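Please look over the sequence and the structure below before reading on.

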Amino acid sequence: MADTAAHLEFTPAIEAETADIYARLKDKVSPLEWQLQAPLIHAINRLKAEMNAVILAHNYMTPDIFHGVGDYVGDSLGLAREAAKSSADIIVQGGVHFMAETSKILAPQKTVLIPDLRAGCSLASSITGEQVRLIKQRYPGLPVVTYVNTTADVKAETDICCTSANAVQVVEHIAAKWGVDTVIMLPDQFLAKNVARQTNIKIIAWAGACEVHERFDAQDIADVRAAHPGAIVLAHPECPPDVIAASDFTGSTTAMADYVTHNKPKQVVLITECSMADNVTADAPGVEFLRPCNLCPHMKRITLQGIYDSLRYHQYEVTVDPALIPRAAQAVQRMIDMPPLKTPARYDMVKARHHVDVEMIS
C-alpha cells in the first residue's frame, strides 16, 4: 500500500528543510495543507537524488509540483530541450502523456515515467498517424508542421514539429526550405488560424482543438474589461482568433510568464489554464491575477502523491515503438535546432486583428 502524506510525518526538520519552498507557496497553500504537502515534497526530492531522477514540470502543474519538486519548469519546447540534454537516468513527466512520449523520443535510453496513465490530451487524441498519411497523399509536395502536442505516431509522419512559442518561425522556415507558399499545420485549428494572421504563408489546417482554450470567447475578454478597465489581457495562441484579437498580448506560456515578470502590470488576466497564474504569482509580487481561467482535467491528474508513488514503485513507464523513434525524433530535433528568436516570441497584435482565410481539411 502506497504511503500517503498522512503517513509521512511533518517534523521540525522537514519544516526547516522545506522553508524556502513554502515561502514561494504560502499565498497558495494554507498552513494545514502545507503540513500534508511538505513531507511528500521532501520525500520526492530525496528519492530523486537517490535514483538520479529529474522531474520535468509543465507550466500547468499545480504550484506544489511546479515550485516544490520540479527540476525543470516551463513550456513544451523548454521541457523537450531539457529531456534531450538531461544526464538523469530517470525522467518523471510532470505533464500529460504526449510530453512523456516526447521525452522518450528524445532520450530513448532513459526510463520515462508518468504518474498517471490517464493524463491524456484532447488535442493529441484528435488526430492519428494514419490520418496524417492520408493528408499527405491528398496534398503531395507540401511540408507538414505538427504541433508538439501530438502522439509519437503523428510526429513520425511529420516534417518538423513546433510549439506555440515558435510556430510562426517554423512555418516560415519550412516553407522557405521547401520552396513553397503553403504549409500543412496540424492538429490545432486555432493555433493554425492565429499563425496564418502572422505570416504570408498559406495554411491548411486540421479541426483539432485544446479543450481548455477553445472554451474561451471574446465575451470573456469584454466582461473582464468591463469589470476591470485597466487590466492587461494575455492570451495563449491555442485560443480562438476572436479571443486573440481582443487581447493585449499573445504568446506561449513562457512568453506570458516573461511578460508578467518583466512588465509587472497592476492587474493581469491570463487566458489559459488556471495553474499558470498560480505559478507566476511567486515571481510577480504586487501583480493581481484576475480570472477567468479554465482547468485542464488531464494535467490535474498529476499530483504530488502520484509523483511520489511513480518514483518509489517505478510506475508508470512510458514506451514508444522503436520503429517510430528515429522519424519522430527527427521532427522534434528539427524544432529544437531552430535558431533562437532575435526577440522574445510574441504575436503581433495588429496582425492578429486581421482576418486571413485558412483551408480546413474536411
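A residue is called buried when its relative accessible area is under 20%. The structure is a predicted model, and two of its residues that meet this cut-off are listed here.

| Residue | Relative accessible area | Class |
|---|---|---|
| Phe-249 | 4% | buried |
| Tyr-259 | 18% | buried |

The model holds two aromatic pairs. In the pair of Phe-249 and Tyr-259, the ring centres are 4.8 Å apart and the planes stand at 40 degrees, so this pair is classed as tilted. Because Phe-249 belongs to strand S10 while Tyr-259 belongs to helix H13 (residues 253-263), the pair ties together parts that are ten residues apart in sequence.

Strand S10 is also part of an open sheet of four strands, which follow the order S10-S9-S11-S12 with parallel pairing. Strands S10 (249-250) and S12 (288-290) stand at the edges with a single partner strand each, so one side of each has no neighbour in the sheet. Strand S11 (residues 267-271) runs parallel to S12 and is joined to it by three bridges, and Val-268 has Phe-289 in S12 as its bridge partner.

Elsewhere, helix H5 (residues 76-85) and helix H6 (residues 97-106) have axes that come within 8 Å and cross at roughly 35 degrees, in a right-handed crossing. Ser-76, Ala-80, Ala-83 and Ala-84 of H5 make the contact with Phe-98, Met-99, Thr-102, Ser-103 and Leu-106 of H6. Sorted by class, this contact of H5 with H6 has six nonpolar residues, three polar residues and no charged residues.

Terms used
Residues numbered from 1 in each chain as written. Predicted model: local features only at pLDDT ≥ 70, side-chain atom pairs only at ≥ 80, totals over all residues. Heavy atoms only, no water. Pairing = 2+ DSSP bridges. Helix = DSSP H or I, 4+ residues; strand = E, 2+ residues; numbered from the N terminus. Axes fitted to C-alpha atoms, helices over the stretch in contact; angles between N-to-C directions. Left-handed = near helix turned anticlockwise from the far one by under 90°. Contact = heavy atoms within 4.5 Å. Nonpolar A, V, L, I, M, F, W, Y, C, P; charged D, E, K, R; others polar. Phe/Tyr/Trp six-rings, centres within 6.5 Å; stacked < 30°, edge-to-face > 60°. Buried < 20%, exposed > 50% of the residue type's maximum accessible area, 1.4 Å probe, protein only.
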